[in-house]
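Me: Hi! Could you walk me through this model, a few questions at a time?

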Amino acid sequence: MILGYHLWLIPLLPLAGAALNGFFGRRSSKRAVAAVGLAFVGASCLWAWRVAWLFWHLPPNQVPLVGNYVTWIQAGNFVVDYSLYVDQLSLVMMLVVSTVGFIIHIYSVGYMAEEGGYYRYFSFLNLFMFFMLTLVMAESYLLMFIGWEGVGLASYLLIGFFFRRDAAAAAGMKAFLVNRIGDFGFLIALFLLIKYFGTLSFQELFSAIGELKPEAATVVPFTAIGLLLLMGACGKSAQLPLYVWLPDAMEGPTPVSALIHAATMVTAGVYMVARSHLIFDRAPDALLAVAVVGCLTALFAATIGMAQNDIKRVLAYSTISQLGYMFMACGVAAYSAGIFHLMTHAFFKGLLFLAAGSVIHAVGGNQDMRYMGGLRTRIPWTFWTMTAATLAIAGVPLFSGFFSKDEILWKAYSNAAGSWVLWALGLLTAFLTAFYMFRLWFLTFFGEFRGAQAPDAHGHEPHIHESPKIMLVPLVILAVLSVVGGYLGWPGHSLFDKFLSEVFPAAAEAGEHAFSESLLMTLSVVAAALGIFLAWLLYHRRRDLPEKIAARLGGIYTAVANKYYVDEGYHAAFVQPVVEGARRILWRAIDQKAIDATAEDGARSAGLVSDALRRMQSGNLRSYAGWVAAGAALVGLYMIWLGVR
Amino acid sequence: MVPLSYYLVLGAVLFSCGVVGFLFKRNLIAIFLSIELMLNGVNLSFVAFAAHWHRLSGQVFVFFVMVVAAAEAAVGLAIIIAVYRTRETLNVDKVNLLKL
């Protein structure tokens, strides 16, 4: 080791930035706050790349890199260290998180320039980076869980950043609570792991699992553990049925949506499933559940995304859908493909959100696509970068999304754990993805600018202006990545898969395939083309059609546009009973009637007693004399009684 | 000899008269008189016992009681004068500034 790896620098530098901005940011200038926020994250990013460079040049027996720092818990035989672990998988995650995070920090400097609470924003954002990096670099499940909870906290803080707005505060709470439900599953899984293996450290745990003899293996409830881990992942990564917090999370500032709810935090579930692949390999039922949940979520969210009018909500449902793809990939044991899509998704979805932020910024705050349009010529930089991202996500060949999505679809069909049903549903989702993304593209950038028709515009057109350079440069960087990032995964010669093959040995393929990879690839391209064509038809050529179709579909359309009333359902089934129960039972009956009444009774009885005793102090001299005489008589009687005894 | 009980009964009667006067009289000076009467009743009992059992301690105690009575009378009369000066009355029912 020349200079030492000092892995701890990578997560802890942003923590230092968060602390500095948190404690001193209030009285500092915006430039200082931004400088601190950028410097620490930038340093962390640079150091991550340095570690990556060293890693790349290490001989195979010296990886993975482990940094053991402090022993944290020592309870009998159960030991948990604060240790960081860098193997190929965490290296990829680490680089994606720190690089995309840094880019978004730069963008935020421009986007949040006129907002209050600037120092709070950067402090929380740095705090998020700390927790996320801890999550991906952790060497044990417990440390990962700390990162897991921490990013949930940062997410809550940032979603509710504009805390004076009721909707934002409620959204933050919703995100945290729904996450918590998933975390419950995650915790039970951890308890089971402790019970059967006595350790949560990745190295010890995975070697113990690997060395399990078949008889011993049947005792361990791998399926239960896998399902519980899946529950945790569903909460964090917004899969069915715990996805409802993500669309509401759009109340937060757009860079937050880009970083946390697109590129990094929501991918934590995918990372966790990939990291736990040894467990899932021994729990095929759980793995199937992962694939099914992912596939259904992808399709479900894509259908909702088609009917949304808020640009950020479309992207939110799109994120849920793409995460479903990643889960589907892991569910067919194509973990590398899932992580590859995670990476390309971070590029193009991050870009989509940032560009959407730029669009919203340009039209003065409106987020409703019905009142956009014709922006192509007015904000060209935003337009071209967003186009690159849209092409990527739709799976247009040669863009990054094409390679990653296609690999998933191929593996869903060809892997032993896969099935053509998954592939078919995935293909349908790809068609829908292309459709709703290009719907967004056409509505936002083409046609007439409809800003004057917005309800709060009062007939005036907002002044449209391109965003400042500090916001545009990140867009361009991400656009470049969205285009070239895919070449790492060229089908058949995937450098990405080769890099990760140490962590994920190649999964079994189903023997003979009726269809070849090229045929499936062609079908994907056809699906994407159909989606784009349909969007072009409905939102560019014949703009009268969408309304007519919506009218014809009537109830179905309303259901989809209202997100299938899932939020309302949850509210009625879970939220309402809890709130009413709390109000009627816990508050009125117990708190008011029982506890308060007891306290008041105590006070009232003290009052009654003192009322009685008050008569002794009437201010009337003769009554005092009476009391003295009575007391003396009592003493005298007592003496006589003593004497008589 | 006069039996002891005669003296004790007399002492008790004196004491009771003192108590009744102390409780029911309204004039401050009358109350004080009653207090003195109580003290004297007690004195009589002490002396009676001293004579009966030929012990001097009873008689010595009477001296103590008289000294205390004298001191108390002095202080008490000073208070009565002060009360009269401020409240213009010696009616104990009217000295009730501390009444609720």
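Reply: Happy to, and let's begin with a single residue and its neighbours. Leaving aside residues up to four places away in sequence, F128(A) touches V151(A), A154(A), L158(A) and I260(A); a contact here means that two C-beta atoms, placed from the backbone, lie within 7 Å. This is a predicted model, in which local features need pLDDT of at least 70 and side-chain atom pairs count only at pLDDT 80 or more, while totals for chains, interfaces and linings use all residues. Residues are numbered from 1 along each chain as its sequence is written, with chains lettered from A and ligands numbered from 1 in the order in which they are written.

Me: Which residues touch the most other members of the largest nonpolar core?
Reply: A nonpolar core is a set of buried Ala, Val, Leu, Ile, Met, Phe, Trp, Tyr and Cys residues joined through C-beta atoms within 7 Å. A residue is buried if 20 or more other C-beta atoms lie within 10 Å of its own, exposed if 12 or fewer, and partly exposed in between. The largest core has 208 residues, and those touching the most other members are F128(A) and M328(A).

Me: Which helix gives the largest share of this core?
Reply: Helices are DSSP runs of H or I with at least four residues, and strands are runs of E with at least two, numbered from the N terminus. The largest share of the core is 17 residues, and it comes from residues 335-362 of chain A, helix α16.

Me: Which residues does the second, separate core include?
Reply: In soluble globular proteins, nonpolar side chains tend to be buried together. The second core has 6 residues, including F22(B), L28(B), M38(B) and L39(B).

Me: How many residues of α5(A) are buried?
Reply: Helix α5 of chain A covers residues 141-159, and its end C-alpha atoms are 26 Å apart, which agrees with the 27 Å that its 19 residues should span at 1.5 Å a residue. That expected span is 1.5 Å times one less than the number of residues. The helix is largely enclosed by the rest of the structure, because the buried residues among its 19 number 15.

Me: In what sense do β1(A) and β2(A) pair, and which residue is the bridge partner of V66(A)?
Reply: Two strands pair if DSSP finds at least two bridges between them. Strand β1 (residues 65-75) and strand β2 (residues 78-86) of chain A have 9 bridges, in the antiparallel sense. They form a hairpin with 2 residues between them, and G76(A) in the turn has a positive phi of about 65 degrees. In β2(A), the partner of V66(A) is Y85(A).

Me: Is Y565(A) buried or exposed?
Reply: Y565(A) lies in the loop between α24 and α25 of chain A, and has a positive phi of about 55 degrees although it is not a glycine. Y564(A) also lies in the loop between α24 (555-561) and α25 (566-614), with phi near 60 degrees. Y564(A) is partly exposed, with 13 other C-beta atoms within 10 Å. Y565(A) has 12 C-beta neighbours inside 10 Å, so it counts as exposed.

Me: What percentage of the residues in chain A are buried?
Reply: The secondary structure of chain A comes to 26 helices and 2 strands, and its C-alpha trace spans about 120 × 75 × 50 Å along the principal axes. Of its 645 residues, the buried share is 49%.

Me: What radius of gyration does chain B have?
Reply: Chain B has 3 helices and 0 strands, and buried residues make up 11% of its 100 residues. The radius is taken over C-alpha atoms, and the globule rule is 2.2 Å times the number of residues to the power 0.38. A compact globule of 100 residues would be near 13 Å, but chain B has 17 Å.
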